[in-house]
Amino acid sequence: MNIRESILPGIGMKYQIDAASGDRIVIVIHDDGRRELYHFSHEDDEQSISMVTLEDQEARQLAALVGGMVYKPKQLESVEMAFDELTIEWYRIDPHYACIGKSIGELNIRQNSGASVIALMDKKNGKQVNPGSACILNAEATVVAVGERDQQKRFKQILMNGSG
């Protein structure tokens, strides 16, 4: 994937994305928060074949959906995105994990692993972004954590063993 960005004086920013599939998407982020998304044909990269305008909150919700914050496809065991040395990983808490029923603070996750929990999704409490230390981990929940690879390994051990 190739991404190019351009400043649009008095308007905002323009991002042009050329995907491996050959699709081209142009995103214009206006200074007022609106986003315009344009999709271009493989055959004619000058003529947009579709266009969508989103308000700021709609664009953020779409980003969460596309980024996998709401649903992770079943066939993927782990999803990760690399940001230099940082990774974001999704962990499903299996019923046999020792962390079940314990809080994030009780497990001292950040102190014991170096990773930070940035989201928690479960049937009981729904979706929680940046959950606090009092948040309890339940079976079948999905925990999203950010950290370096070795921190992620320690984090997974804490989930499985219930301690650091």
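The following dialogue examines terms applied to a predicted model of one protein chain.

User: How do you know how many helices and strands the chain has, and in which order do they come?

Analyst: Runs assigned by DSSP are counted from the N terminus. The count gives three helices and ten strands. Along the sequence they follow the pattern β-β-β-β-β-α-β-β-α-β-β-β-α.

User: Why is Gln152 called buried?

Analyst: A residue is buried when its relative accessible area is under 20%. The value for Gln152 is 2%, so Gln152 is classed as buried. Gln152 lies in helix 3, which spans residues 149-161.

User: What makes a residue a contact of Gln152, and which residues does Gln152 touch?

Analyst: Contact requires heavy atoms within 4.5 Å. Leaving aside residues up to four places away in sequence, Gln152 touches Thr87, Ile88, Glu89, Tyr91, Ala145, Val146 and Gly147.

User: What makes a set of residues a nonpolar core, and which residues have the most contacts inside the largest one?

Analyst: The members must be buried, must belong to a list of residue types that includes Val, Leu, Ile, Phe and Cys, and must be joined through side-chain atoms within 4.5 Å. The largest such core has 18 residues, and those with the most contacts inside it are Ile93, Cys99, Ile109, Leu137, Val143, Phe155 and Leu159. Strand 8 (116-122), strand 10 (142-148) and helix 3 each supply at least two of its residues. Helix 3 gives the largest share, three residues.

User: Which residues does Phe155 touch?

Analyst: Apart from residues up to four places away in sequence, Phe155 touches Tyr91, Ile109, Ser113, Ala115, Val117, Val143 and Ala145. There is also a second, separate core of five residues, among them Ile88, Trp90, Met121 and Val144.

User: Why are Cys99 and Cys135 called buried?

Analyst: The cut-off is again under 20%. Cys99 has a relative accessible area of 0%, and therefore counts as buried. Cys135, at 10%, is also under the cut-off and is therefore buried.

Terms used. Residues are numbered from 1 along each chain as its sequence is written. This is a predicted model: local features need pLDDT of at least 70, side-chain atom pairs count only at pLDDT 80 or more; totals for chains, interfaces and linings use all residues. Side-chain values use heavy atoms; hydrogens and water are left out. Helices (H or I, at least four residues) and strands (E, at least two) are DSSP runs, numbered from the N terminus. Buried means under 20% relative accessible area, exposed over 50%, partly exposed in between (1.4 Å probe, protein chains only).
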